[in-house]
Amino acid sequence: MATVTHLSFKTPATVHRSFPAHFLSSTAALPPSSRPCFTISCNHMQSAKAFAVPRRSIMALILSSCVLSQTEQNIAFAQQSVEFREFIDTFDGYSFNYPKNWIQVKGANADIFFRDPFILDENLSVEVSSPSSSKYKSVEDLGPPEEAGKAVVRQYLTEFMSTRLGVKRESSILSTSSRTADDGKMYYQIEVNIKSFASNNELAVNPQDRVVRMEWNRRYLSVLGVENNQLYELRLQVPENVFVEEENDLRKVMESFRVNKLSA
């Protein structure tokens with residue numbers, strides 16, 4: 001498989017303190033002979049008061065500065081855009097963008113396979129139907145997006161079948177849609193949630209000893225397209241808790257998927 005990889009980028013407050021009212025009232029009550037000392041040093045005292053901030057206020061200012069600084073750092077981090085690379089398969093006829101730090105895995109049961117180097121359950125793959133066994137003209141040959149979504153779920157559950165006792169899989173279709181990309185072709189987008197449950201001791205005699213727990217909870221995102229009489233499927237797998245944090249980037253990957261006409 002001949003591939004060409006291109007690199008692309010998506011790329012304080014002023015503290016003001018006035019004299020307390022009780023301090024001013026006590027000054028006015030002093031004998032006249034005693035007032036000049038306050039009058040003479042009034043400017044100096046007012047200047048000193050402006051800088052004489054109690055320790056409690058100083059601590060509050062420090063804490064506020066720390067909170068604001070941390071908030072600014074979080075906002076700046078959130079605004080950092082993920083770098084993407086473009087993968088182009090000129091032999092099979094498709095392309096997509098993927099996060100720059102993801103690595104390609106050889107020998108996976110897919111036409112191409114990339115995964116996050118730190119979150120192993122977060123990955124991307126592309127499946128291409130055999131040209132000899134399929135004669136697709138358009139993605140609409142699959143029926144409406146809702147019907148295509150049901151077929152995608154059935155395929156997932158078939159692949160995830162397990163011979164272990166006590167294993168149960170629950171699936172739900174979250175959304176199905178169609179879109180026409182800038183290449184003029186129609187693509188279907190399917191979003192599915194699948195949960196896997198298993199008993200910790202399925203062979204236990206007492207039911208209370210067979211505790212069922214959730215093994216994993218994942219989001220599956222599929223993009224379907226047709227070209228060269230073949231069906232192409234881009235698959236994204238990601239744990240649900242990770243999807244919440246990386247949804248925008250994952251949707252950019254989905255929207256970048258294109259199927260390309262092969263030259264004769």
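Student: Let's start with Arg218. Which strand is Arg218 in?

Tutor: Arg218 sits in strand S9, which covers residues 212-227. Keep in mind that this is a predicted model.

Student: Buried or exposed, that Arg218?

Tutor: Buried. Its relative accessibility is 13%, and the cut-off for buried is under 20%.

Student: What does the side chain of Arg218 make a polar contact with?

Tutor: With the side chain of Tyr220, at 3.3 Å.

Student: And which residues does Arg218 touch, leaving out those up to four places away in sequence?

Tutor: Asp121, Val192, Asn193, Ile194, Gln237, Val238, Pro239 and Glu240.

Student: OK, zooming out. How many helices and strands are there in the protein?

Tutor: Six helices and eleven strands. The protein has 264 residues, and 31% of them count as buried.

Student: Switching to H5. How many residues does helix H5 have, and how far does it reach?

Tutor: Helix H5 runs over residues 145-159, so 15 residues by the DSSP assignment. From first C-alpha to last, H5 reaches 21 Å, close to the 21 Å expected at 1.5 Å a residue.

Student: Which residues of H5 are buried?

Tutor: Pro145, Ala148, Gly149, Val152, Val153 and Tyr156. Looking down the axis of H5, these buried residues fall within an arc of 140 degrees, so they line one face of the helix.

Student: What do the buried residues of H5 pack against?

Tutor: Four strands: S7 (168-180), S8 (186-199), S9 and S10 (230-239). S9 is also the strand that holds Arg218.

Student: How far apart are Pro144 and Ser178, in sequence and in space?

Tutor: They are 34 residues apart in sequence, and their C-alpha atoms are 8.6 Å apart in space.

Student: New topic, charges. How many salt bridges does the structure hold?

Tutor: It holds 14. As background, side chains of opposite charge can pair when their charged atoms come close.

Student: Give me one. What does Glu170 form a salt bridge with?

Tutor: Lys168, with the closest N and O atoms 3.6 Å apart. Glu170 is partly exposed at 37% relative accessible area, and Lys168 also counts as partly exposed, at 45% relative accessibility.

Student: Which side chain meets Glu227 in a salt bridge?

Tutor: That of Lys185, at 3.5 Å from N to O. Glu227 lies in strand S9 and Lys185 in the loop between S7 and S8, so the pair ties together parts that are 42 residues apart in sequence.

Student: How do Glu227 and Lys185 come out on accessibility, buried or partly exposed?

Tutor: Glu227 counts as buried at 14% relative accessibility, while Lys185, at 21%, counts as partly exposed.

Student: And Arg219, what does Arg219 form a salt bridge with?

Tutor: Glu191, and the closest N and O atoms are 3.1 Å apart. This pair links distant parts of the chain, with Arg219 in strand S9 and Glu191 in strand S8, 28 residues apart.

Student: Are Arg219 and Glu191 buried or exposed?

Tutor: Arg219 counts as buried at 12% relative accessibility, and Glu191 counts as buried at 8%.

Student: Last thing, backbone. What is phi of Asn228, and what is phi of Asn229?

Tutor: Phi of Asn228 is near 55 degrees, and phi of Asn229 is near 60 degrees. Each is a positive value in a residue other than glycine.

Student: Why flag a positive value?

Tutor: Because most residues other than glycine have a negative phi.

Student: Where do Asn228 and Asn229 lie?

Tutor: Asn228 lies in the loop between S9 and S10, and Asn229 is in the loop between S9 and S10 too. Asn228 is buried, with a relative accessible area of 14%, whereas Asn229 counts as partly exposed at 27% relative accessibility.

Technical notes:
Residues are numbered from 1 along each chain as its sequence is written. This is a predicted model: local features need pLDDT of at least 70, side-chain atom pairs count only at pLDDT 80 or more; totals for chains, interfaces and linings use all residues. Side-chain values use heavy atoms; hydrogens and water are left out. Helices (H or I, at least four residues) and strands (E, at least two) are DSSP runs, numbered from the N terminus. Buried means under 20% relative accessible area, exposed over 50%, partly exposed in between (1.4 Å probe, protein chains only). A polar contact is a pair of N or O atoms within 3.5 Å; within protein, one must be able to donate a hydrogen and the other to accept it, and residues adjacent in sequence count only if both atoms are side-chain atoms. Contact means heavy atoms within 4.5 Å. The expected span of a helix is 1.5 Å times one less than its number of residues. The arc is that of the directions from the helix axis to the C-beta atoms. A salt bridge is a side-chain nitrogen of Lys or Arg within 4 Å of a carboxyl oxygen of Asp or Glu.
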